[in-house]
Amino acid sequence: MSEADLLQPGNVVRDRWKVLTKIGGGGFGQIYEAFDLLTKENVALKLESAKQPKQVLKMEVTVLRRLQGKDHVCKFLGGGTNEMYNYVVMTLQGKNLAELRRSQTRQCFSLSTSLRISAQILDAIESIHSIGFLHRDIKPSNFAMGRLPSNCRKVYMLDFGLARKYTNAEGTVRAARPQAGFRGTVRYASINAHKNKEMSRHDDLWSLFYMLIEFVTGQLPWRRIKDKEQVGQMKEKYDHSTFLKNLPSEFKQFLEHIQSLDYVDKPNYELLKSLFHQSIARRSIKESELFDWEKETEDEVITPNSAVLQTQQQQQQKEPTQPIVSSFEL
Ligand SMILES: Nc1ncnc2c1ncn2[C@@H]1O[C@H](COP(=O)(O)OP(=O)(O)OP(=O)(O)O)[C@@H](O)[C@H]1O
């Protein structure tokens with residue numbers, strides 16, 4: 001156990017959640033897989049130190065609770081605080097989309113996979129906006145696939161620590177602060193965010209656009225640059241229409257729409273969703289098609305396990321509603 005670890009395997013939180021293993025340590029918290037002694041299921045336990053200056057778990061709990069019942073959202077199982085840490089317990093999901101992309105041979109997804117997962121992400125973004133919050137850290141590692149046969153084809157939105165309420169009590173858009181501190185992740189941040197402007201609904205959609213480009217091409221032009229100002233300048237100079245050559249023609253309208261939005265504007269989610277659906281239909285992409293990580297790599301040797309997988313894939317193609325066990329579970 002490293003000194004910074006707030007828990008170790010075997011610890012039991014609130015007489016109910018027994019820690020199994022650490023699965024992540026992000027910028028603000030630690031994530032553990034734990035066993036729920038009550039439901040007998042494995043769950044995700046996210047903690048932040050009570051001493052940490054930047055406390056974000058309260059916001060995480062607020063947003064997660066408000067999102068309950070919406071699609072693409074983990075189930076909230078509990079939360080609390082003690083003298084050492086704040087914690088939240090939620091359903092456990094599978095691999096995040098950053099890991100899945102990096103595990104691809106060419107570090108990118110096919111257009112079929114990219115469009116179908118991005119359409120799900122757009123739905124998730126619309127959901128968080130519908131409850132009056134911005135996510136403000138839309139990036140591949142904040143989306144994970146379900147881990148069970150029943151949900152392994154569904155994308156789940158994670159990490160509401162940087163969320164912010166953008167509506168006031170009347171439901172109208174809050175007045176923008178003249179200057180706001182930068183929030184988010186440099187690679188996927190909108191140009192507005194780089195300029196420390198108050199973020200709005202369109203900024204989450206800009207991050208989705210950058211994610212989609214990275215899914216399809218495997219990279220963004222500023223991938224190697226760490227400095228926030230330098231990346232901001234590069235984004236400002238970059239002719240974003242260059243990205244369109246990698247995307248179906250419908251995405252010209254997608255880009256034009258997000259470019260047209262101002263701080264108070266409500267995005268036309270229906271238009272954006274229809275562009276995904278049109279491009280998916282025009283390319284005859286079927287919802288039942290396997291995602292890239294569910295397929296075998298071409299050079300993989302046929303082993304008894306991969307033969308089993310092949311049979312499952314064939315069955316999956318025949319039974320589109322029957323999810324398969326994804327390859328990494330075999
Ligand atoms: N419910 C969950 N089920 C499975 N894995 C999860 C879950 N929540 C988080 N993780 C994993 O832990 C990683 C970090 O989680 P999260 O983004 O919530 O924490 P964070 O401390 O805010 O991290 P970061 O600062 O990197 O965004 C995720 O990318 C994901 O791989």
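In the hairpin of E1 and E2, three residues sit between the strands, and Arg14 among the hairpin's residues takes a positive phi near 45 degrees. The model is a predicted one, in which local features need pLDDT of at least 70, side-chain atom pairs count only at pLDDT 80 or more, and totals for chains, interfaces and linings use all residues. Numbering starts from 1 along each chain as its sequence is written, and side-chain values use heavy atoms, with hydrogens and water left out.

Strand E1 and strand E2 (residues 17-25) run antiparallel and are joined by two bridges; two strands pair if DSSP finds at least two bridges between them. Val13 has Trp17 in E2 as its bridge partner. E2 then pairs with E3, again in the antiparallel sense, over seven bridges, and here Gly24 stands opposite Ile31 in E3. Next along, strand E3 (residues 30-36) and strand E4 (residues 42-49) run antiparallel with six bridges joining them. One of the residues involved is Glu33, whose bridge partner in E4 is Ala44.

Put together, six strands make an open sheet in the order E1-E2-E3-E4-E6-E5, with antiparallel pairing. Strand E1 (12-13) and strand E5 (76-81) stand at the edges with a single partner strand each, so one side of each has no neighbour in the sheet. Helix H1 (residues 57-66) packs on the sheet and touches E4, E5 and strand E6 (85-91), its direction making about 30 degrees with that of E6. Contact here means heavy atoms within 4.5 Å, and axes are lines fitted to C-alpha atoms, for helices over the stretch in contact, with angles running from 0 to 180 degrees between N-to-C directions.

What about the chain as a whole? Its secondary structure comes to nine helices and 10 strands, where helices (H or I, at least four residues) and strands (E, at least two) are DSSP runs numbered from the N terminus. Of the 330 residues, 49% count as buried; buried means under 20% relative accessible area, exposed over 50%, and partly exposed in between (1.4 Å probe, protein chains only). The chain exposes about 16,200 Å², and carbon and sulfur atoms supply 49% of that area, as worked out by the Shrake-Rupley method with a 1.4 Å probe, only the protein chains shown counting as cover for residues. Among contacts with a separation of 6 or more, 62% involve residues 24 or more positions apart.

Ile258 gives a close-up of the buried part. Its place is in helix H7 (residues 251-260), and Ile258 counts as buried because its relative accessibility is 1%. Leaving aside neighbours within four places in sequence, Ile258 is in contact with His202, Leu205, Trp206 and Phe209. Phe209 lies 49 residues from Ile258 along the chain, yet their C-alpha atoms are separated by 9.1 Å.

Helix H6 (residues 228-237) has buried residues too, namely Lys228, Val231, Gly232 and Lys235. Seen down the axis of H6, these fall within an arc of 100 degrees, so they line one face of the helix; the arc is that of the directions from the helix axis to the C-beta atoms. The buried residues of H6 pack against H4 and H5.

Then there are the charged pairs. Side chains of opposite charge can pair when their charged atoms come close. The structure holds 18 salt bridges, a salt bridge being a side-chain nitrogen of Lys or Arg within 4 Å of a carboxyl oxygen of Asp or Glu. In one of them, the side chains of Asp71 and Lys154 meet at 2.3 Å, N to O. This pair links distant parts of the chain, 83 residues apart: Asp71 is in the loop between H1 and E5, and Lys154 is in the loop between strand E8 (143-145) and strand E9 (155-157). Asp71 is partly exposed, with a relative accessible area of 42%, and Lys154 counts as partly exposed at 25% relative accessibility.

Glu198 and Arg164 also meet in a salt bridge (3.4 Å, N to O). They are 34 residues apart, with Glu198 in the loop between helix H4 (191-194) and helix H5 (201-217) and Arg164 in strand E10 (residues 164-165). Both Glu198 and Arg164 are buried. In the salt bridge of Lys295 with Asp292, the closest N and O atoms are 3.5 Å apart; Lys295 is partly exposed at 39% relative accessibility, whereas Asp292 is buried at 10%. Finally, a network of salt bridges links Lys46, Glu60 and Asp159.
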